[in-house]
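Take a look at the model below.

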Amino acid sequence: RADRPTHVQPILAVSFYRPSYTLPDSFLPSTTTSILGTQSRPAQRSLYLPTPPTTMTTIAKPSLRGIDNIFLQLEHPRRLMTVSSLWYFVAPLDIAVVEQELKRITVEFPRFAQVPRGNSFWHTARWEPAHNFNIKDHVVSYTLTESSEKELKKYLSMTIALPFDQEKPRWVAHIVYGLPDGKSAMFMKVHHCLADGQGFVRSLLTCTSAKDSINAAIAASLAAKSAPRPRAKASQLPILSSLSSETAAQIPQPLVEIWAFMIFFLTYFLTVVVGLLHTVRMGVRSATFQRRGFSYKGEQTAVKSIAWSDDVSIDDIRVVRKAYGASLNDVMVATVTRCIRSYLSELGKVEDEELMLFIPISLRRPDDWSFQNITSAAWAWFPLQDKSTKHLLRSVRHEMNGVKASSGPSIGYSFINSVFRLPGLATRGFIDFFANKGHGVLTNVPGPTEPITFANQQIIEYRALPPQTGKGTLGMGLLSYNGKMNLSILTDEMAAMGYPDAAEKICGRFVKEFEIILEDAKREAREGEETKKSQ
């Protein structure tokens, strides 16, 4: 079935969710049990307008894939592999309508109603229908004791540390009431074994007003892909394009096609060589890098901290891009790097020369809206020295181009999917060695460009969070929505370790640091115009 994810994995659990409860003043999970798994990938087909199963028992039971199993191995009782999102609404949500909308997801994406069972050292678990699945078990209602954003962050920080019930599908939606001005929010978290960030976001969007535009975009992409490939022209190929039009027109078309293939093969060969060189460089640097920032002694704390920034305008980001010839990701990485450096500098703890970040890389086709993990990642290093905006963006662009050119993500994806089908091979020591290496993970998830509605209400704010990679690391999510971009951070509560309010203070610097970059970009543009006029 095309609506079935090609990956999926299991999770762990410690305490069980109930439809409604009051969180304790302190929370410290004990040990948890992990379920391992991998899954085979079914044939690909269009994912929009899926055909729902007639009964839960008709769903096949594929085993989990290696990429899903690795997220289970990364999981730790004090560091859960959870992908989450936060939607703000101007008025209280009707929980009955919310349950109805979320039930649609379980029909279109059956993994939302399945659990992994039956794993061993040699065999990964299989996805089976959950016993007595009830949507109400996955929707939690909570009213804040104090009407403030601070109280919301406190609640979400405790909520995200709660492991899933391993006997139920690994997701839960928290409907939060009591926000200022009568607003409400929905915080939804899903285990990473189910899908990557894009798969998670896209699955949620299918129960919003964005579904029709999603279907239209997929249809347009499929139509473009099925269009006949244009024939190669001599005027468009190296060397042949230098010939006169009369001479080029006399070259037989088969020779033009052969020359085009040779150019393609040479380009592909050079790309592979360059990619392998970048991969070797990345492997050596990641193995030898020793992080000092945000590190602390002892066991990882189970107490978490969540924060988010105010928004910056996508139009303003375009101004910076144009001034420095940078991509949106380049600009955002530079901004985040400065936010982190500023925070560490305030504490007098800029102990590393570079910021080492795990950059997720989507391997999806543009028309692939399947609910699964089709993602890899690469380590990247960004300067923590006090550099000018121009030099910082140049360094970031150079590093990001290296990440794009590297073969590492593709090789890693294939390796993990093949080797880690055997759960026992992904040992805790191997996983922790690399998980604790860098300062954190930074992902950018594109959201809708126009306002959308859910459960008959417009979503006025939209945020997303990836999981942490290791102890003391920052889980950072950038998300664009309705012409704006924001940053959200999940990290350990490290006040006692010398890093007070890390998530809140780094997010609090986001707009300020971007505005500095924006002013530098405007000045760069003005100087460029003045130089042109003087010539």
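## Cores, helices and cysteines

In this predicted model, methionine 332 touches Val312, Ile317, Leu478, Met485, Phe510 and Phe514, leaving aside residues up to four places away in sequence.

Met332 also belongs to the largest nonpolar core, which has 54 residues. Along with Phe294, Val320, Ile340 and Met476, Met332 touches the most other members. Helix α9, residues 328-347, gives the most to this core: nine residues. In soluble globular proteins, nonpolar side chains tend to be buried together.

Now for the helix pair. The axes of α9 and helix α14 (residues 510-534) come within 9 Å and cross at roughly 125°. That angle makes α9 oblique to α14. The crossing is right-handed. On the α9 side, the contact includes Val331, Met332, Ala334 and Cys339. On the α14 side, it includes Phe510, Phe514, Ile517 and Asp520.

What about the cysteines? A disulfide is a covalent bond between the sulfur atoms of two cysteines. This structure holds zero disulfides. The sulfur of Cys339 has its closest cysteine sulfur in Cys507, at 8.1 Å. A disulfide needs the two sulfurs within 2.5 Å, so 8.1 Å is too far for a bond.

Two cysteines are buried, as the table shows.

| Cysteine | Relative accessible area |
|---|---|
| Cys207 | 3% |
| Cys339 | 0% |

Methods
Residues numbered from 1 in each chain as written. Predicted model: local features only at pLDDT ≥ 70, side-chain atom pairs only at ≥ 80, totals over all residues. Heavy atoms only, no water. Core = buried A, V, L, I, M, F, W, Y, C linked by side-chain atoms within 4.5 Å. Buried < 20%, exposed > 50% of the residue type's maximum accessible area, 1.4 Å probe, protein only. Helix = DSSP H or I, 4+ residues; strand = E, 2+ residues; numbered from the N terminus. Contact = heavy atoms within 4.5 Å. Axes fitted to C-alpha atoms, helices over the stretch in contact; angles between N-to-C directions. Parallel < 35°, antiparallel > 145°, perpendicular 65-115°, else oblique. Left-handed = near helix turned anticlockwise from the far one by under 90°.
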